[in-house]
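Please work through the two exercises below with the sequence and the model in view, and try each task before reading its solution.

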Amino acid sequence: MDRFDSMKAFVTAVDEGGFAAAGRKLGLSRVQVSRLVAALENHLGAQLLKRTTRTMALTETGQVFLEHARALVS
């Protein structure tokens, strides 16, 4: 797993409001974006997003990590 790609997928998914939109922007499938974010969460040992079939929301940890990830990605 490339952590930079995973962070970029995470930031884009949050900014775009979902994995499908992030995938379109990054040229990846929804599943690929979801797997990148899941791998990042696994690596960090923390849940960054609360997911349901129709929505996604940042956890407290996700909010804090998002600020750091944005700085690294930009």
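The model is predicted, so local features need pLDDT of at least 70 and side-chain atom pairs count only at pLDDT 80 or more, while totals for chains, interfaces and linings use all residues. Residues are numbered from 1 along each chain as its sequence is written, and side-chain values use heavy atoms, with hydrogens and water left out.

**Exercise 1.** Determine whether Thr12 is buried or exposed, and what its side chain reaches.

*Solution.* Begin with the location: Thr12 lies in helix H1, residues 3–16, where helices are DSSP runs (H or I) of at least four residues, numbered from the N terminus. Next, the relative accessible area of Thr12 is 10%, which makes the residue buried because that term means under 20% (exposed is over 50%, partly exposed in between; 1.4 Å probe, protein chains only). Finally, the side chain of Thr12 reaches the backbone oxygen of Lys8 at 2.8 Å.

**Exercise 2.** Describe how H1 and H2 pack, and name the residues that make the contact.

*Solution.* Start from the geometry: the angle between H1 and H2 is about 120°, and their axes are 8 Å apart, the axes being lines fitted to C-alpha atoms over the stretch in contact, with angles from 0 to 180 degrees between N-to-C directions. The two helices, H1 and H2, are therefore oblique to each other, since angles under 35 degrees count as roughly parallel, over 145 as roughly antiparallel, 65 to 115 as roughly perpendicular and the rest as oblique. The contact (heavy atoms within 4.5 Å) involves Lys8, Ala9, Thr12, Ala13 and Glu16 of H1, together with Phe19, Ala21, Ala22, Lys25 and Leu26 of H2.

Definitions and conventions. Polar contact = N/O pair within 3.5 Å; in protein donor to acceptor, adjacent residues only side chain to side chain.
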